[in-house]
Structures are given as C-alpha cells and as structure tokens.
Amino acid sequence: MPSSRRTFLASGAAAGVGLAVAGGLPSLAQASPARPHPPVKPGSVPFPPLVDDPKGVLALPKGFSYKVVTRTGVTRLDRGQGTTPSDHDGMAVYDAGHGRYTLIQNHEIDPGAEFGVPHVKGTVYDAGAVDAGGCTVIKTDLAGRNLGEFVALSGTISNCAGGPTPWGTWLTCEETEDRAGDTWEEGDRSGVYQKDHGYVFEVWADGSADPKPIKCLGRYSHEALAVDKDRTRIYLSEDADAPNGLFYRWTAPHGVKLGPGVLTRLAPNAGVLAAMQIIMDDGSVLPDVAYLTSAQLGRPFPVRWIEVPDRDARTKSVREQFADGQVTRGRKFEGVWATDEGVYVVNSYAWDEGDLPADAAPHDGMVWFYNYRNQTIQLVTYFPHQTASEEGTAVKYTDLTFDGPDNVTVTPWGSLVLAEDGTGASHVLSTVPGGPTYAIARNQLNDSEFCGPTFSADGKVLFVNMQDPGLTLAITGPWEKYLG
C-alpha cells in the first residue's frame with residue numbers, strides 16, 4: 001500500500017458494492033471450477049450491524065470486541081530498542097503454544113521517520129536507510145496482551161505486504177525501486193542509500209536475522225506474495241503505475257524445493273520469473289484487467305507466463321521491459337494469498353486519470369482466483385465504481401458500500417477477509433466468492449487504511465493493523481458463527 005492513499009476525500013464514504021461469483025473455487029466448495037453450484041456456506045449468516053465504539057476507535061458487530069496490542073511511539077520494544085515503529089502494514093500470525101501467538105509485522109516507512117525501525121546489530125540491510133522500514137516480532141495472546149516486541153529486520157524501505165511461508169517464516173516485500181547512491185530527505189534529515197532496494201527478505205519468528213535480499217524474486221515495487229503448496233512456485237504482485245504493475249510467477253530451479261533459508265542461498269538468476277498474460281478467445285493478450293467487469297464474474301480465462309528479461313532492473317524497471325499488449329497490466333495489484341488449489345490476488349481500484357486505459361471500465365476493486373491445475377484466472381468479487389466518494393460526497397449506507405480492497409487473507413473456514421484502503425470510511429470486510437460481502441469492522445478514529453489481516457489458526461483471533469496512528473488490534477468474537 002503506497003502513501004498515495006486519497007486522504008483528501010476524508011469526508012467521503014467508501015464507494016462500491018461487492019458482487020461475487022457463485023461457482024469456480026474448489027477451496028471453498030470442493031467443486032470443479034467449470035461447474036456452477038449454489039452459494040457456498042461460509043458467510044451465509046449475515047454479520048450484525050456495526051456498533052459505534054464509545055472509545056471512538058473501532059466499530060464492530062455486537063458480540064465482538066478488540067484489544068490494542070501495540071501502538072506507535074507508546075508500547076516499548078524489548079532489549080532497550082525504543083518504542084513501537086509506525087506505519088504497521090502486512091503481517092502474519094504463528095501459533096506459539098499455550099494460548100499464545102507470534103506476529104511478524106511490516107512497517108511501511110521511508111527513511112528519516114519519527115518512529116522508524118531502529119537499526120539493531122545483525123538486523124540491518126542498508127546502513128544508509130536510517131529510521132526507515134523493516135519488521136518487528138510481537139508476542140501476544142488471546143486477550144491481546146503485549147508480551148513483548150523486538151526488531152527482526154531493519155535498514156529496508158517501505159515494507160508493505162509479503163506473505164507467510166509453509167515452513168513458518170515471513171517473506172517481507174519492499175515497495176520501492178530506489179538504488180544505491182540515491183539520496184533521501186525528510187525534514188532536516190538526509191542521507192544516501194548504500195544498497196539497492198526493491199527486494200524480498202526472509203524473516204524468522206524467533207528473531208533470527210539474515211538481512212540478505214532474495215534477488216531471484218526480482219527487484220521492483222513488490223506488494224505481496226504467496227508460496228504454492230508444492231513449495232516450487234511463488235506468486236507475486238506489483239503495486240505500480242505509469243505503466244501499471246504486473247502479476248508474477250517465480251518457478252524454482254528443477255529439483256529445488258523451498259524451505260527455511262533456501263531462497264536466500266539461491267543465485268540471483270535462479271529459477272524463472274515471469275509475468276502474467278490473460279488470454280482472450282482470439283488468442284490475444286488482455287492488456288489491462290480493467291477491461292473485465294462483473295459481466296465476466298466466474299468465467300475462467302487461460303493464463304500464460306512470459307519470462308522477465310532482466311529481473312534486477314539494471315537499466316529499466318521490470319514492468320517497463322514489456323510492451324503494452326504483451327502482458328496484462330493492472331492498477332494496484334495488491335494482496336495475494338494461497339490455497340491448496342490456487343492463489344487469490346487483488347486489484348485495489350482503477351478510476352482516476354491514468355489508472356486505466358481510456359476505453360476500460362473504472363472499478364473500485366477486484367478479487368481474482370488463479371487455479372494452479374487449470375492455469376486459468378477468474379474474477380470472483382467485483383466492486384463497481386461509484387462517484388460519490390470521488391466527489392467528496394458521503395454515501396447513504398456507509399457500511400454497505402465498499403471500495404479499495406487491499407490485503408487479503410483466507411480464514412480458517414475458507415472465506416476471505418479484505419482490508420480496505422479506499423477513499424472514505426475504511427472497513428475490514430468478509431467476502432465469499434458465491435456469497436455476499438459484509439463489513440466486520442470500521443475505523444472510527446480517522447480515514448487510515450487497515451492492513452495485514454490474519455487469523456490465528458485456531459480461528460479465535462483476527463489480528464489487523466490500522467496504519468495510522470499505528471495500531472495492532474486483536475479482535476475476538478463468535479467468528480465461526482458467521483464465517484464457518
């Protein structure tokens with residue numbers, strides 16, 4: 001999630017109505033993608049209306065409650081490292097046993113921030129990126145108690161999202177393309193980057209640090225990623241424009257199965273990094289996802305992958321190495337999450353000038369499902385564009401109209417949770433391909449985006465971040481009643 005969120009429309013409410021497909025996802029319905037079927041069960045019980053929070057922080061349905069786990073500049077880091085950094089973003093949760101959880105959390109920060117991630121010996125990638133991004137590890141429990149937090153990675157820039165691995169680590173993504181020698185300035189502070197940025201890094205839940213970039217996954221404005229069940233492929237999104245970003249697939253070298261530390265040991269040119277092509281009926285490549293609308297919900301489109309010529313972008317950004325019409329672009333490729341059958345990927349919105357081709361359809365959000373076996377992609381949730389919030393006018397039903405889906409996670413019951421980064425009221429959403437979309441939380445404090453939603457494996461706690469003022473929230477309640 002870049003810092004370009006449209007905060008100037010703070011008075012507007014979220015725009016867009018969620019539409020979803022009734023068929024095509026074996027991860028949710030155990031059915032063939034080609035065979036329609038009735039709406040799936042998860043999410044069939046409507047969430048109650050949101051109730052305003054007397055503390056003015058988080059509106060939740062009746063029966064749900066929250067606790068603040070960390071707060072920027074207030075909660076303290078272990079080992080005298082300072083206070084909790086700002087700009088909480090992507091996050092994963094791991095079971096620590098005995099009713100406790102471990103969170104690994106991104107901080108989407110550029111250098112010189114008031115509450116940047118402090119440089120801690122053994123965790124620093126670029127000494128020139130001072131008070132910038134990185135990752136912290138948080139210990140908590142069902143009650144949302146703060147049981148400690150410490151730095152696991154520092155000296156990186158704009159750590160946006162990423163993805164958990166099947167072997168229990170976190171892959172954090174830099175959403176930038178800054179190069180060694182570039183200068184940065186923030187207020188009266190300035191500096192020079194000593195290393196290239198725009199990479200993926202592996203982070204361990206126990207705080208073991210190895211701040212080495214995974215160069216084989218490419219250097220670009222990474223957003224999120226997901227590892228497939230066979231541990232041989234990784235799917236990655238790019239949040240970029242002018243030209244719009246791409247959706248990528250990295251395939252491991254023959255005979256290599258991914259596991260702890262394997263990626264950091266691979267050569268920079270190991271495996272194959274390729275960009276997605278959505279194929280039309282006439283064999284041509286769809287130039288931008290915005291040409292598809294709710295009229296194509298559930299329709300599987302064939303996908304091909306075209307290899308990236310120079311994944312380290314030595315002379316030209318990766319997405320600029322392809323001509324228009326050679327790949328399928330999309331404004332704001334965002335969240336990515338894997339199931340056994342495939343991977344979800346989100347496009348957040350495309351409606352402003354330059355967001356999409358002039359003859360394509362503006363939209364307020366898309367969720368896609370790529371099927372590994374069939375090598376097809378389907379539009380499974382679609383938010384049509386509404387102009388009310390664009391014009392700064394509040395919509396009538398704030399908790400029924402949505403826009404700007406960003407991070408995505410799959411719940412223990414197979415449904416999806418989305419975090420909004422839109423133009424008005426920010427929500428956490430529950431949605432089911434083949435079912436409705438519900439608001440399950442609303443930011444009452446300000447218009448900041450939600451980030452990093454992730455469920456504990458036992459289904460008891462939904463952890464989510466409010467990027468500004470930097471809050472980690474633990475939400476509990478009868479989740480299974482409405483999601484299971």
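Helices and strands are here DSSP runs numbered from the N terminus, with helices (H or I) of at least four residues and strands (E) of at least two. With that numbering, strand 9 supplies four residues to the lining of the largest cavity, which is the largest share. The structure is a predicted model, and a search of the whole of it finds two cavities of 30 Å³ or more as well as 21 aromatic pairs. The largest nonpolar core has 28 residues, and a second, separate core has 25 residues.

**Cavities**

- The volume of the largest cavity is about 110 Å³, and its lining is made up of 15 residues, with Ala161, Gly162, Trp337, Asn407 and Val408 lying nearest its centre.
- Two or more lining residues of the largest cavity come from each of strand 5 (88-97), strand 9 (159-164), strand 19 (333-338), strand 23 (405-410) and strand 27 (450-455).
- In composition, the lining of the largest cavity divides into nine nonpolar residues, six polar residues and no charged residues.

- As background, nonpolar side chains tend to be buried together in soluble globular proteins.
- Within the largest nonpolar core, the residues with the most contacts are Ile234, Leu236, Tyr248, Trp250 and Leu263, and at least two residues of this core are supplied by each of strand 10 (169-174), strand 14 (222-227), strand 15 (233-238), strand 16 (247-251), helix 2 (262-265) and strand 17 (272-278).
- When neighbours within four places in sequence are left aside, Ile234 is in contact with Leu217, Leu225, Ala226, Val227, Tyr248, Arg249, Trp250, Leu258 and Leu263.
- The second core, which is separate and has 25 residues, includes Tyr235, Phe247, Trp368 and Tyr370.

**Aromatic pairs**

- Among the 21 aromatic pairs found in the whole structure, Phe247 and Trp305 form one that is tilted, with 6.1 Å from centre to centre and 50° between the planes.
- Because Phe247 lies in strand 16 and Trp305 in strand 18 (residues 301-307), their pair ties together parts that are 58 residues apart in sequence, and both Phe247 and Trp305 are buried.
- The ring centres of Tyr370 and Tyr372 are 6.4 Å apart and their planes stand at 70°, so this pair is edge-to-face, given that planes over 60 degrees apart are counted in that class.
- Tyr370 counts as buried because its relative accessibility is 0%, and Tyr372, with a relative accessible area of 17%, is buried as well, the cut-off for buried being under 20%.
- A cluster linked by ring pairs takes in Phe47, Phe64, Trp413, Tyr438, Phe455, Trp479 and Tyr482.

**Prolines in loops**

- Pro268 lies in the loop between helix 2 and strand 17, and, not counting residues up to four places away in sequence, Pro268 touches Lys215, Cys216 and Arg311.
- The C-alpha atoms of Pro268 and Asp312 are separated by 8.3 Å, although these residues are 44 residues apart along the chain.
- Pro166 is found in the loop between strand 9 and strand 10 and is partly exposed, with a relative accessible area of 42%.
- With residues up to four places away in sequence again not counted, Pro166 touches Val227, Asp228 and Arg231, while Pro166 and Cys216, 50 residues apart in sequence, are 19 Å apart in space from C-alpha to C-alpha.

**Backbone geometry**

- Ala242 and Pro243 are joined by a cis peptide bond with omega of about 0°, and the loop between strand 15 and strand 16 holds both Pro243 and Ala242.
- Ala242 also has a phi near 50°, a positive value in a residue other than glycine, and Ala242 counts as exposed because its relative accessibility is 61%.
- Another cis peptide bond joins Asp468 and Pro469, with omega of about 15°, and Pro469 has its place in the loop between strand 28 (461-466) and strand 29 (471-476).
- Lys332 has a phi near 60°, which is likewise a positive value in a residue other than glycine; Lys332 is found in the loop between strand 18 and strand 19 and is buried, with a relative accessible area of 1%.

Technical notes. Residues are numbered from 1 along each chain as its sequence is written. This is a predicted model: local features need pLDDT of at least 70, side-chain atom pairs count only at pLDDT 80 or more; totals for chains, interfaces and linings use all residues. Side-chain values use heavy atoms; hydrogens and water are left out. On a 1 Å grid over the protein atoms alone, a cavity is a set of points where a 1.4 Å probe fits but cannot get out, and a pocket is an open set with protein on both sides within 12 Å along at least five of seven lines; lining residues have an atom within 4 Å of a point. Grid points are joined across faces, edges and corners, and a volume is the space filled by probe spheres set on the points. Ala, Val, Leu, Ile, Met, Phe, Trp, Tyr, Cys and Pro count as nonpolar, Asp, Glu, Lys and Arg as charged, and the others, Gly among them, as polar. A nonpolar core is a set of buried Ala, Val, Leu, Ile, Met, Phe, Trp, Tyr and Cys residues joined through side-chain atoms within 4.5 Å. Buried means under 20% relative accessible area, exposed over 50%, partly exposed in between (1.4 Å probe, protein chains only). Contact means heavy atoms within 4.5 Å. Rings of Phe, Tyr and Trp (its six-membered ring) pair if their centres lie within 6.5 Å; planes under 30 degrees apart count as stacked, over 60 as edge-to-face and the rest as tilted.
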